[in-house]
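Open the model in your viewer and follow the stops below.

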Amino acid sequence: MKDINIVIEICGSAGEGTISAGEITSRFMSSQGFEIMSFDSYPAEIRGFGKCVAHTRISSRQIYSPGKLADVLIALNDKHAISQLSTLKENGILIYDSQPARPHKEDESVAGWAKPGMISYGIPLNMLAHKASGNARGMNMVALGALAALFYVDKSPFTDSIKTRYAKKKQIVIDSNVNSFLEGYNWTKENIKKIDPHSFKDITLPKPKEKLIINGNQLVARAALDADLSFYAGYPITPATKIMEILSRELPKHGGVLLQTEDEISAIGAVIGAGFGGKRAMTATSGPGFALMTEFTGLSVMAEVPAVIINSQRAGPSTGIPTKTEQSDFNSAVLGGTGDCPRIVLAPADTKSCYEATVLALYLAEKYQTLVVVLLDFFLSNSIRNINIPEKPSSEYLDANIAPDKNDFKDYQRYKITKNGISPRAIPGTPGGMFFSTGLEHDAYGRPNYSEAGHTAMTQKRFAKFNTVLTEAPAPEISANDRDEFDIGVISWGSSAGAAHEAVMSAQKEGINASSFSSMMLSPFPEKALIDFSDKCKKILIPELNFSGQFAGFATRILKRSVERLNFITGRPMASEDILQKMREM
Amino acid sequence: MEVIESAYLDEKIETVRGIDFLQYRSQDLPTWCPGCGYFGIVDAFYKACRELNLKQENIVTVSGIGCSGRTPIFINSYGFHTLHGRSIPVASGLKLAREDLTVFAVAGDGDALGIGGGHLPHVARKNINITFLLFDNSIYGLTKGQSSSTTPYEMRTNSHPVGNPDTPLNPVKLALAYGASFVARGYAGDPRGLKQIIKEATLHQGFSFVQILTPCVTFDKENKTWKNLKEKVHDLNLRNEEKNMETAMRMAENEPYGVGTFFQDKERPHYQEILRNLNKAD
Ligand SMILES: Cc1ncc(C[n+]2csc(CCOP(=O)(O)OP(=O)(O)O)c2C)c(N)n1
Ligand code: SF4
Ligand SMILES: [Mg+2]
């Protein structure tokens with residue numbers, strides 16, 4: 001059976017149903033057993049007629065990155081689609097409106113801009129939509145009908161997906177959408193002579209298990225609920241807001257409390273307050289909010305109070321570019337703040353590990369009585385995957401506080417020096433466990449103490465936690481470990497890791513002897529594993545989505561060798577094609 | 001000074017009488033300057049806890065940074081010395097996660113109205129069920145005598161040696177305007193009266209705001225001195241039916257040294273009740 005691996009982009013104005021057409025396509029393809037990865041871009045303005053693009057990659061195999069260039073561009077709006085042609089492959093397919101409501105002047109039609117080698121199919125989208133339902137609203141569905149007809153996709157399950165999407169709407173809405181789809185489908189079958197090679201004919205994949213079609217933000221919220229979150233405080237900020245909005249609905253149903261605070265300082269303060277009270281608590285934010293939280297992150301580490309911060313990175317410093325993706329908060333998450341301040345930082349590499357990372361974060365924060373930062377980015381927060389329903393965390397991940405026992409209570413020392421750095425923690429309300437916590441340096445009882453020996457011992461204790469934390473980190477992902485030597489090793493982190501992995505697999509097919517390495521845990525970093533990997537590689541490449549090579553700088557310090565860097569600040573997710581190209585040149 | 005000594009005398013007499021509130025006092029001796037008004041405040045606090053019969057392990061005092069921030073060290077219960085200006089957010093999160101605890105937030109005037117001034121309106125309008133004790137000495141004590149948000153206009157301080165150019169805030173007026181459901185003022189030199197106010201504030205279900213007039217004997221030689229306070233502080237003596245917004249606002253404006261309860265709204269649900277009602281109705 002031949003493979004399907006196709007990227008479809010639907011481009012239109014806000015309000016033209018661009019995003020819902022993408023969503024229906026993804027859901028339908030997922031129901032047919034395909035892997036999907038989709039990513040929408042919206043205009044920055046909330047209102048108006050800005051450009052929207054729904055990007056979906058569909059594959060019969062495992063996918064790791066969204067695909068840089070599109071195989072198909074569906075133009076619902078010519079003006080916007082013209083600027084989107086640059087990401088259509090040289091032999092890509094353009095589906096456009098051949099009879100627009102207002103005839104195009106010269107240069108206004110996207111078809112006129114298609115390059116030689118591209119295949120253009122003109123479909124009277126507007127006319128057929130009017131025919132189906134009396135207005136232009138169904139153009140998006142006409143286009144999907146045309147797509148289905150062109151690629152030999154079964155129409156009846158597709159219409160089922162449309163019905164499901166609008167199930168909560170009035171019957172007339174469902175009917176007009178389905179009718180528009182069928183108009184497009186039938187017209188295309190009768191009138192278009194297919195000249196491209198794409199076909200879904202005779203492709204039947206095993207009936208898929210029940211899948212979740214979900215983005216990173218939704219998964220973080222779901223994981224937090226499954227991991228017994230009882231308190232959330234937050235302040236809205238793109239791209240993290242959705243986490244709060246979901247929890248606002250769901251957390252009270254689980255007996256928890258959600259607090260929308262006046263700013264991010266208050267949000268992390270409240271999280272630390274709830275953590276002090278022995279409850280699992282978290283907040284989610286983006287760069288600017290994370291910056292405001294800095295002083296409190298130190299308190300969490302110093303006073304040893306659990307706290308979890310999800311930081312979904314946007315582009316640039318300051319307010320930057322809220323709706324573009326970047327990996328430029330590595331330094332601030334791993335190294336930022338004041339003093340020698342050991343904190344745990346996790347960076348999931350893909351959508352499904354957003355779940356794992358959130359569960360792990362709440363667990364580690366509670367057990368090690370410290371701060372855990374989870375680094376997401378705009379892309380991970382918003383890109384949609386179909387994944388298997390994640391397994392709920394086992395009980396050891398849900399109750400991790402190491403409580404004092406009778407012996408401890410004889411002379412209770414909240415900050416007792418222990419080998420692994422963890423001091424048994426009493427929760428307010430416990431008789432005999434009363435203690436005082438402070439962000440000042442302190443003795444084993446928590447009382448302020450500035451002595452040389454005391455500060456040294458306490459600093460060592462806080463860092464001692466790192467040794468055991470590392471044993472709880474998921475093992476680094478290494479794509480090929482079967483050889484003693486590789487010509488190129490690609491080291492990556494966060495949402496770039498998928499593209500790196502995919503690039504390495506393609507490179508291997510081209511005969512390049514390569515492997516890839518990524519670690520979900522960034523702090524403490526599994527340095528030994530990194531060094532072992534690097535020792536096998538003649539050259540090292542570190543691709544990441546920032547200008548200055550923040551992680552590359554960090555890794556260089558560990559590896560004490562020079563590395564090749566590959567940096568993008570285009571605001572788009574990492575593309576495996578770009579990494580592969582760089583590998584060929586190395 | 002006299003007042004403080006008499007407070008200690010009271011304590012001794014009460015101990016002799018067998019009324020034991022020492023359980024609320026930690027073994028650490030306060031590090032405040034001799035004569036500091038804060039001794040009177042913690043004294044009143046211990047007694048209020050005793051009379052309310054609070055279980056020590058169910059009390060949490062959350063403080064900011066300043067001389068006032070040290071307060072939890074001297075209380076034998078759970079305590080959390082947080083960041084400058086941030087006792088309110090931490091106390092709020094704690095109380096919302098642990099409704100069973102009695103949570104006090106302690107702050108200096110710099111803490112509460114300067115660096116952390118942005119939190120006050122919100123905790124008040126949300127009516128989170130904590131008791132807020134503002135140790136108002138009109139000066140930055142810990143950093144040694146700079147102007148604060150309640151330092152009088154033109155007063156000389158270490159940061160404004162030729163006179164403070166800023167107009168001071170009126171904490172009681174602010175608390176009323178922000179919608180605090182309990183607003184009172186107490187005086188460090190009157191631990192008995194202050195104890196009564198702290199008790200009322202603790203029993204109040206909702207956000208209780210208590211401004212406490214207190215001297216910094218080391219860095220303020222002209223404004224809130226024991227001498228001045230002793231002369232000027234007087235009881236408001238408001239009857240319950242007078243504790244409405246109109247009277248309270250007038251008193252806040254005209255009676256900067258009046259102590260007692262200005263305002264109380266017993267009907268208004270506190271934050272957790274509001275959340276429960278909304279979620280039930282949904
Ligand atoms: C973020 C930050 N800025 C500045 C300081 C320094 N600082 C500590 S206490 C304080 C002022 C204390 O004044 P107040 O809140 O009135 O408390 P008091 O000492 O009078 O009780 C300042 C400026 C700090 N600890 N943290
Ligand atoms: S400096 Fe002022 S406020 Fe601080 S302890 Fe001394 S007298 Fe009290
Ligand atoms: Mg002060």
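How many salt bridges are there between chain A and chain B? The count is one, a salt bridge being a side-chain nitrogen of Lys or Arg within 4 Å of a carboxyl oxygen of Asp or Glu.

This is a predicted model, where local features need pLDDT of at least 70, side-chain atom pairs count only at pLDDT 80 or more, and totals for chains, interfaces and linings use all residues. Residues are numbered from 1 along each chain as its sequence is written, chains are lettered from A and ligands numbered from 1 in the order written, and side-chain values use heavy atoms, without hydrogens and water.

**Stop 1: the salt bridge.** Select B:D28 and A:R447. Their side chains meet at 4.0 Å, N to O.

**Stop 2: the interface.** Show both chains. Here 42 residues of chain A contact 34 of chain B (heavy atoms within 4.5 Å). The buried area is about 3,000 Å², with 68% from carbon and sulfur atoms; this is the accessible area (1.4 Å probe) that two parts lose on being put together, summed over both. On the chain A side, pick A:E262, A:M434 and A:F436, which lose the most area to chain B, together 20% of what that side buries.

**Stop 3: the strands.** Select β15(A) and β2(B), residues 78-81. They run parallel, joined by three bridges; strands are DSSP runs (E, at least two residues), numbered from the N terminus, and two strands pair if DSSP finds at least two bridges between them. A:S437 has B:F80 as its bridge partner.

**Stop 4: B:S148.** This residue counts as buried because its relative accessibility is 8% (buried means under 20%, 1.4 Å probe, protein chains only). B:S148 touches B:D109, B:S138, B:I139 and B:Y140, not counting residues up to four places away in sequence.

Technical notes. Buried means under 20% relative accessible area, exposed over 50%, partly exposed in between (1.4 Å probe, protein chains only). Helices (H or I, at least four residues) and strands (E, at least two) are DSSP runs, numbered from the N terminus.
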